[in-house]
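The following exercises are to be worked through with the sequence and the structure at hand. Each task is followed by a solution in steps.

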Amino acid sequence: MAISDAEYTAWLNNNNTAYRCILIEAAVRSGGSEITRYMSTRGFVTSSSDTPADTTYKAVIKGGVSLTETLSLDSNPTMSFGDIEIENIRGDRDSWLNDIWENRSISVYFGDVRWARSDFRLVFSGIMDGLVSRNKSTLNILVRDSLQRLNTAVSESKFTVLPNKDKFKPLVFGECFNVSPVQTDATSPTEYMVHPAMIWDIIEVRDEGVPISFNETTSAGMSSGTFSLKTAPVGAITANVFGNEGVNTIKNVVENLVLSYGATNRLTSSDIDYTNLNAFDAAYPYPVGLYLTERANLLDVCQQIVGSVGAQIVMSRQGKLRILQINLPASGTPIAISKKHIVEGSFSIDSVTDIKPAIKLAYCKNWTVQPSLQTVIPNTHKTIYATEWLTYTTYDSTVGTNYKTTVEPEQIETFLIDTASATTEANRRLNLLKQKRTIYKMTCFASMLSLELGQAVTLTYDRFGLNSGVSGQVVGLEPNWMDGKVIVKVIV
């Protein structure tokens, strides 16, 4: 009979009867063939009805099966995995160093040695960075989370003819204002590109700020990403454009990027936690726009986009892409953490956030600043074209007075494109940061190994005013399945 989630949780809580076992499946290229190496912390053999069937997991894992996950207020998430140590005292596995482990998948499962293989829970899915030997008695698997699959160029596509030979072709995502299209052919000075494939729309084209007529090829309401002028240009050509997403919310733009751009090892829809992304989209249906004319890193670009609302791109332990955000109270049903879950003497204050009485967000980026237009257009339009950003500032005077802080807030640049979104986001950040937030650190027993980054919790403790319980959010996790404990950080 399969182990239910409730039974699994009860098993985690029962230190006396649990025979904990970690199973590792590592994809390796050995001797010219793709194989899977099956390893464990205890000897384990699957049954004929299991998947994989009749398979032996060799008890060679000795240490390093731990993970560090962090959410930060500056939108820079981290996930790192300790080197997984493999026993090699007699050198029986020296030949493994000749195999190719790099950029191949690794999965870590956790359960009881008495269980069927199907009852083990996947606790980490990532990729490997290689195999090394730190001493003569061990081998070490270098492990990374799957987010590294995005650590590649958005595109390597370049022009092959003058006047922009060997320059990157432009890319547009979402809706962008006043971009500079790129001339595609020196012999055709009226031919321009804003994207090397179909996009949703080329909204308007201007010559020195003056709207002009242009020709474009369309298909089922989509633009080709290129256009031609009907007359020779007088000055700088700019355009308002809309990428191929159709709906230019943060979620849709990021989804388009991770599924359609980057290296050949790009993500597929099965690598995305759509429950998470759809919930994020419902909470933050904010339109964004991004225009690229130079080489850019896909992971950085995605992070900058979700950072527009203080969120972060992360991979779950199961290798699914999520968008998480520090926000209090956190969404979802909170998990209770109290003194009975915490190792005695491990509870402490990890850090305290800085007070920010004001937030200034920059939005609606003007992708081509034109400070000296001489054409006959309204002065209000000239002002718009001469300004790189629109900004919105929100300030809590009481907090500023109490903390004697009158410094102009640092401008935070976003890819948001409308005032309503920027206003809402600036106020959200102010409400989060205008009060002191404390991050508590504790070591919890195995029952908290199932906690997830970003999860809502209710923290109760007999110190620091936590006696009656307070709402918090998990911002740090260091699970160690071999020890059956997890270091937890909670912001309240």
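**Exercise 1.** In this predicted model, identify the bridge partner of valine 172 in strand 20, and describe the sheet concerned.

*Solution.* Step 1: The partner of valine 172 in strand 20 is tyrosine 291.
Step 1: Strand 12, which spans residues 171-179, pairs with strand 20 in the antiparallel sense, and four bridges join the two.
Step 2: Both strands belong to an open sheet of five strands, ordered 16-15-19-12-20 and paired in antiparallel fashion.
Step 3: At the edges lie strand 16 (210-212) and strand 20 (289-292), each of which pairs on one side only.
Step 4: From one strand to the next, the twist averages 50°.

**Exercise 2.** Determine whether glutamate 87 is buried or exposed, and describe its surroundings.

*Solution.* Step 1: Locate glutamate 87 in strand 8, residues 84-87.
Step 1: Its relative accessible area is 16%. Buried means under 20%, so glutamate 87 is buried.
Step 2: The side chain of glutamate 87 reaches the backbone nitrogen of isoleucine 89 at 2.8 Å.
Step 3: Apart from neighbours within four places in sequence, glutamate 87 is in contact with Val60, Lys62, Arg93 and Ser137.

Note on methods. Residues numbered from 1 in each chain as written. Predicted model: local features only at pLDDT ≥ 70, side-chain atom pairs only at ≥ 80, totals over all residues. Heavy atoms only, no water. Buried < 20%, exposed > 50% of the residue type's maximum accessible area, 1.4 Å probe, protein only. Polar contact = N/O pair within 3.5 Å; in protein donor to acceptor, adjacent residues only side chain to side chain. Contact = heavy atoms within 4.5 Å. Pairing = 2+ DSSP bridges. Axes fitted to C-alpha atoms, helices over the stretch in contact; angles between N-to-C directions.
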